[in-house]
Amino acid sequence: MLPSAFERVYGRGSSAALGGSSTRTQMIFASPFPANTTVMGVGLRGAGATTDKAAFTADIEVHASSTTSAPGALSSTFANNIGTDEVAVLPRQMVNVLAMPANRSTAMFSPVPFQAPFVFGTNSATNINIDLWVYGRSTGASWSTDRCFASASGTAATVGQGCGAGTITSTSANGTYVGGSTLTVSLAGGTANGSAWLMPSTDMAELVPGFPLPFDLGLIGGATGCAVQVSPLMMIPTPTDGTGAATISLPVGPIGGLDTAWQWLYTVPPSGANPLGVEATATRKIFFGPEVCVPSAQYVWDLSNVNATTGTSTTDAVPIVQFTVQ
């Protein structure tokens with residue numbers, strides 16, 4: 001998976017690639033694997049969201065090439081970034097794009113298998129170019145393609161769906177989600193004068209190795225559909241006040257480039273449907289900046305004309321891609 005920093009936590013959404021209905025997107029990755037590696041397909045991931053995204057079909061075409069064009073110095077002319085060994089790995093056709101539930105593992109990608117395998121690096125070029133044309137999408141398509149997107153400051157977004165009335169928010173003082181700031185993560189809507197636990201994490205893929213997230217609390221006596229969406233590094237206990245609110249403030253050390261996830265569990269009165277008496281909020285995804293994609297990856301795109309010969313050469317961004325190789 002590239003960029004590898006986003007293997008276990010979401011990036012930010014984009015209308016490039018499968019997120020748009022008439023787009024061309026060139027995705028270039030530097031030194032992704034050894035020469036003569038056979039690439040059998042790619043996968044794209046829907047961005048983290050608070051609502052379920054339905055499956056759809058897309059009319060697409062994919063080419064692959066080994067290129068000397070380098071992230072950080074790509075041409076806005078698409079043809080200039082194509083390597084001499086270009087292969088139409090997927091001739092134009094309709095492809096099924098998977099549904100993306102709000103509560104899901106970051107390991108979930110929608111695969112695009114190649115009809116023609118691509119052998120990387122036979123022309124001695126060290127970077128790979130995946131060239132994707134989207135000619136149209138079926139009615140109801142609402143994807144946003146997950147991506148790395150550069151920013152000097154950090155970002156925060158709520159992803160996934162909680163159960164019950166509890167909600168999660170966050171703020172950052174002395175800098176916008178960067179090292180040296182103070183992070184405050186808050187719960188609202190919990191049970192008055194109850195208990196809550198904040199779970200920080202760097203992993204939204206697996207609860208433990210081999211056990212993919214989300215984890216349904218119904219399996220241990222909670223309400224069906226109440227899901228733990230993170231693999232907690234720890235559980236920080238705190239009481240809720242008379243309004244059911246709880247707040248934890250933490251100093252942020254020099255941790256630029258760290259992608260994290262935060263989720264609250266909180267107690268509720270036990271019931272027949274929830275004998276465990278625990279509910280969960282959605283997840284607050286926080287990237288502590290700066291966020292950087294180059295020199296390992298970059299993309300060029302046109303979001304309105306699939307037949308465009310030139311596009312926008314981003315300075316520091318790329319969709320997150322999962323390669324299938326052998």
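D59 and R92 join their side chains in a salt bridge, with 2.7 Å from N to O. This pair links distant parts of the chain: D59 sits in strand β4 and R92 in strand β5 (residues 87–97), 33 residues apart. The model is predicted. In total, the structure holds seven salt bridges.

- D59 has a relative accessible area of 15%, under the 20% limit, so D59 counts as buried.

**Salt bridge R45–D146**
- A salt bridge also brings together the side chains of R45 and D146, at 2.9 Å from N to O.
- Here too the pair links distant parts of the chain, 101 residues apart.
- R45 lies in the loop between β3 (38–44) and β4 (56–67), while D146 lies in strand β8 (residues 145–149).
- Both R45 and D146 are buried.

- The side chains of E206 and R8 form a salt bridge of 3.2 Å, N to O.
- E206 belongs to strand β13 (residues 206–208) and R8 to the segment before β1 (12–14), so their bridge ties together parts that are 198 residues apart in sequence.
- E206 is partly exposed, at 22% relative accessibility.
- R8 is partly exposed as well, with a relative accessible area of 28%.
- A network of salt bridges links R8, D203 and E206.

**Nonpolar patch on the surface**
- V208, F211, L219, I220 and L276 make up a nonpolar patch on the surface.
- Together these residues have about 460 Å² of accessible area.
- V208 is located in strand β13, the strand that also holds E206.
- V208 has 44% relative accessibility, which lies between the 20% and 50% limits, so V208 counts as partly exposed.

**Largest nonpolar core**
- The largest nonpolar core has 42 residues.
- Within this core, M27, I60, V62, I128, I130 and F323 touch the most other members.
- Strand β4 gives the most to the core, with five residues.
- I128 has contacts beyond its neighbours within four places in sequence, including M27, I28, F29, P32, F33 and V39.
- Also in contact with I128 are S65, T67, F118, F120 and F323.
- M27 and F323, both in contact with I128, are likewise among the core members that touch the most others.

Conventions:
Residues numbered from 1 in each chain as written. Predicted model: local features only at pLDDT ≥ 70, side-chain atom pairs only at ≥ 80, totals over all residues. Heavy atoms only, no water. Salt bridge = Lys/Arg side-chain N within 4 Å of Asp/Glu carboxyl O. Helix = DSSP H or I, 4+ residues; strand = E, 2+ residues; numbered from the N terminus. Buried < 20%, exposed > 50% of the residue type's maximum accessible area, 1.4 Å probe, protein only. Patch = residues over 30% accessible without salt bridge, like charges linked within 9 Å, V, L, I, M, F, W, Y side chains within 5 Å. Areas by Shrake-Rupley, 256 points an atom, 1.4 Å probe, with all protein chains shown as cover. Core = buried A, V, L, I, M, F, W, Y, C linked by side-chain atoms within 4.5 Å. Contact = heavy atoms within 4.5 Å.
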